[in-house]
Every structure is written in structure tokens, then in C-alpha cells.
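Okay, thanks for coming, everyone. Let me put today's structure up and then talk you through it.

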Amino acid sequence: IIYDSTKNGMFAALGCGLLLLSEDITYQLQFLRAYSMEMCGTTSSLYLLLKWRDKLTSGRLLGLSVLLAFYCTSRYSFLFTAFVVGLIVAILIYKENNTWKLRMNRLLLFAFPVLLVCAVIFFGMTIHQNAGASNLGYTTYLSTSPSALKGKLAIAFYLLLAFCLYFYFKYKQVQLPLVVALAVAAISFILSLLDKFPWDGKKD
């Protein structure tokens, strides 16, 4: 993903090396469980989005949608990634030189598998498991732990925001992986401030 975005092998190797220095990531990689499944879904969906964004055929739209729908079954937080990727795909479809009817048909083709799985998750699980999205006592929320605003995870978020602003003001564009990362992180950040989602590096 880094190489496709930068065309720089050294930078790609450095980026992967930095990721592998994170204990939170390397700890989860050895397990076949929801956390590693979510990481796999995030990287694979972003990779396909980068590969296919210039030519989103109907087959690719459906393939990406099925992939997102499958990984939505990993953890609730993957819904943030699916939402951001879906929003980007919707923008790409909107910009296509097609009739409105064809654009809507393509958007529905992409959205249907994801929305179907989300509906099954909501009506089959979420309404029975912590339906009010109440605060979980075993993890950290920004709303109840202001000190987390200066923790490692928060600092990583601020640095990501700073990088995106730098690229935007200097080059008038921000690389797609940075856009996805910032959007997903911002959703988590805001929801945690609202006491609706954890802010925990080991689980996010």
C-alpha cells in the first residue's frame, strides 16, 4: 500500500518497519481472532480500493462490497472502515461520466451486500449486546479519561492530522491511505469524546 502510494521502495520498507515496532500490532498478528481479522480487512480493502479506484467495473464494485461485508463480521469498529471506504466509492461513482440512473444502479450494487450484512448484525447482535452503546468499564474513553488526550494513541492521531494538513496545504492533495486513516481515526476520536466508543490502542 505504501509503495503503491509513494513509488518509493525505501519509504515503503521504512513504513512497514515502523508498523512492526508497534507491540499492539505484532502481538495481534500471531492470533486468528477478531483483532487480526479486522487488521486484515482494513489493509485488504484499502489495497483493493487503491488498485481499482481508476476503473471501478461492476465486478470490482461487487467484489469490494462483498469483502467489506465479510470483514464487517470481525468487530464493530470495522464498520468505520467500511463506512469511509464506502463514502469514497460513492464519491468516485458520482464523478463518473454516466447517467444518474446508471450511477444509482452502480451505487446500489455496491451498497447492497454491506447494508444487508450490517442489518443482520444490528438486528441479530447489536440490539441484544450493549444496545445503548454504554460505557464499558474495562477500557478507556476520552470522555471519562481526559489524560488519554495526551497518551500515545492520541499523539499518533494528532501527528496523522498534522501530516494530512501539511500535504494538503503544500501539495493541495492528500494520499488516499492517509485520508482513510484520518477519517477512521476521527470517527473513533469523536465517538470516544461522546462516551460511545473506546479509545484503546490494544483494541482499536
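Predicted model: local features only at pLDDT ≥ 70, side-chain atom pairs only at ≥ 80, totals over all residues.

I'll start with the overall fold and then turn to one helix pair.

Residues are numbered from 1 along each chain as its sequence is written, and side-chain values use heavy atoms, with hydrogens and water left out.

So, what have we got? The chain has nine helices and zero strands, with helices being DSSP runs of H or I, at least four residues, and strands runs of E, at least two, numbered from the N terminus. The radius of gyration is 18 Å, close to the 17 Å from the globule rule for 204 residues, so the chain is as compact as a globular protein of that length. That radius is taken over C-alpha atoms, and the rule is 2.2 Å times the number of residues to the power 0.38. Along its principal axes, the C-alpha trace spans about 50 × 45 × 35 Å.

Now the pair. Helix α6 (residues 78-94) and helix α7 (residues 100-126) have axes that come within 10 Å and cross at roughly 170 degrees; axes are lines fitted to C-alpha atoms over the stretch in contact, with angles running from 0 to 180 degrees between N-to-C directions. α6 and α7 are therefore roughly antiparallel, the label for angles over 145 degrees. On the α6 side, the contact (heavy atoms within 4.5 Å) uses L79, G86, V89, A90, I93 and Y94. α7 brings W100, R103, R106, L107, F110 and C118.

Definitions and conventions:
Parallel < 35°, antiparallel > 145°, perpendicular 65-115°, else oblique.
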